[in-house]
Every structure is written in structure tokens, then in C-alpha cells.
Amino acid sequence: MPQPGPLASHAEVVRALGSTFVPAVLEATERQLHHAPRTAALIAAWPRDVAADALAMRVNAALHALARSEAIPALTALYRTQRGDFDAAIGEALAQGDAMIVDWLRDPPQTNEVGRTASIVAALMVARRRFDMPCELLELGASAGLALNLDRYAYTLGGREIGCSGSPVRVAPDWHGPPPPVRPIAIRSARGVDLRPVDIADPAARARLMAFIWADQQERLQRLSAAIAIALARPPQVDQGDITTWLPARLALPQAERCCRVVVHSMALQYLDPAGRRAVEAALREAGARADATRPLARIAFEWTAARDAVHLSLTLWPDGSTQHLATCHAYGAWVEWHGPSD
């Protein structure tokens, strides 16, 4: 019996993450891929790990973008109703959109998932519990920089209301375990880096962000739309650059006294090659060796495990370099199983 291709294989992963429509799209795309010979050839010759590169999610987003554009009525109708003849609509879309899909696949995903900020905020509060001071936020793989505005969002974490009450962006994951310790989140400065930053002022860039949200998850779409509106009013600072050179340069800059420097990355390091990951680790070790109680360093990681069987939220604090596994999380932040401290 032939093994399923990369799209159908990933359908089960997506189904486990709570979607029903997207797995059906991926499975139909696998069956109808012969209608898009250029796309099929690119997928067959993909030079890297298809899971780490989120290849299936690139294909899904390209089809979502086509549906949102209303260029192919049958596909738009399928996405609007989320029922009907998947194979016919997607086969037509693959045939008509082959060139567009190929172009879409060449760039990495830009989800900028706002739901992950709940876990980041929880980790920031644990860091504040240890170092009672404001922080300087540095984000790796920041995309459009929506996470850099995390102090403008409202959160419900383990039954506790945190953050900016009245914000149009409310992040309330299903929380398992005790609540995190509640501490004020004070962001003195926030800056990020991305190889291909998303210009939030560009309508096409905003449309690309929306396309990467799963079509059957309206709450995520609405939350992203509200976060974009905040970003248009308060544009995040995201530099275009390579993480491996940007991070050492930022960490070498003078750090204000009684300000915790915090490096954050969520689903970013998987896109680096082994040399790039080693460069990040070396930069953090060297900066950690310079940290002290008045100028501490923290690292918040929201990443897949090496086996890609779970997403872990971890916090490393210097000067001692201790690491805590704070939580196991849904990949997009829909639920959090908290293992960290509580008040």
C-alpha cells in the first residue's frame, strides 16, 4: 500500500489540533495534485524537511488566499460553506492557480499567531517574579511584530484576568493546571527581527497573514484582524535581517540597569539550519555570562520538541542559566497545560 504524501500525512496532525475543514482540504489536494504539475514537481523535489518547513501549511494558505480572492467561484463557495465537492473545487483551483501556488510555497509561513502571546505573557510573569523590573523585549522571527504589542492585549489565564482590559484582542486559552503567578507586565522597549518582515501597512501583506489562519477557525481570524488594527495604530519595530547576526549585535548593546532583557522566539528556530541554531545558542550563552542581578537576561521559547511530538514553553534565566519547562501548549496557543509556578 503506498505511503500518503506530505499533504495527506499532515492532515492527521491538523485534525489533532482541532480543525476538520483543513484536513479535508489537504487530503483533496493530495488527490488532485496532478492538476498542478508545477506545484507537484516542487513538492516532490522539496530539498529540506517538509514538516519543519511547514510545507502543507504553505499549500493550505495558498488555497485559502485563492478562496479569499474570489477568483475561483467554486473554491470560494467551498470555503464559505465548508461543505460540497472538495475534489472538484480544489482540482479546478489547482489547475488555475498552479503558478500562484508555486510562488507562495517559496516563502516560509507568516502566521504571527496572536494566540501564542498568552504563553509568552505567562512566562514573562514568571520572569518578573524572579526579577522585579521592567523588560526589554527582543523577538526572533517576529513576522509582522504582532507579539511585540502583547501589552496591548487582554488575557484570561487560569481564570485570572490580566493585561489591558477592554482591548479588542482577548486571548483566553483553555488552561489546565494552576494559574500562573500574576505580576505586572511592563515593556520598556520591544523590537524584533525577521528575514522577511511583514509590512502591516501593506494590504497584500495583511491578506497573506489572514490566509495562513485556518479557514474554519473564525475566532483566530477575528483576533488577528483586531491585532492588525492595533498594529496599524502602534506599528511594531521589526528589522529586516538574519537572526544569527541580529541577535548577537542586539545583545552586545548596553543594557539599562534594572531592566530585564528578554529574548522571545515562537516557532522560529525550526526554520534555521543546525549552524544557525548553534549561533543562537552561542549568542545567548555569551550574553548570559555577562548578565547579573541588576541586568538579567531571560529567554522564552515556544517551540516544537526535537521529535516534533509536543510544543514546549520554556524559560531560561541568567545569571545562573536555569531553565524551567513551564508548559506544554497547543501549537497555536488554543490550550496550555501549565507546569510552572503559581502564587
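Which strand gives the most to the lining of the second largest pocket? It is β9, with four residues. A caveat before the rest: this is a predicted model, where local features need pLDDT of at least 70, side-chain atom pairs count only at pLDDT 80 or more, and totals for chains, interfaces and linings use all residues. Residues are numbered from 1 along each chain as its sequence is written, and side-chain values use heavy atoms, with hydrogens and water left out.

Now the pocket itself. Its volume is about 370 Å³, meaning the space filled by probe spheres set on the grid points, which are joined across faces, edges and corners. A pocket here is an open set of points on a 1 Å grid over the protein atoms alone, where a 1.4 Å probe fits, with protein on both sides within 12 Å along at least five of seven lines; lining residues have an atom within 4 Å of a point. There are 16 lining residues, and R277, E303, W304, T305 and A306 are the closest to the centre. At least two lining residues come from each of α11 (274-290), β9 (297-304) and β10 (311-318). Helices (H or I, at least four residues) and strands (E, at least two) are DSSP runs, numbered from the N terminus.

On to the cysteines. The structure has zero disulfides, a disulfide being a pair of cysteine sulfur atoms within 2.5 Å. For C259, the nearest cysteine sulfur is that of C135, 6.7 Å away. C259 is buried at 2% relative accessibility, where buried means under 20% relative accessible area (1.4 Å probe, protein chains only).

Conventions
Buried means under 20% relative accessible area, exposed over 50%, partly exposed in between (1.4 Å probe, protein chains only).
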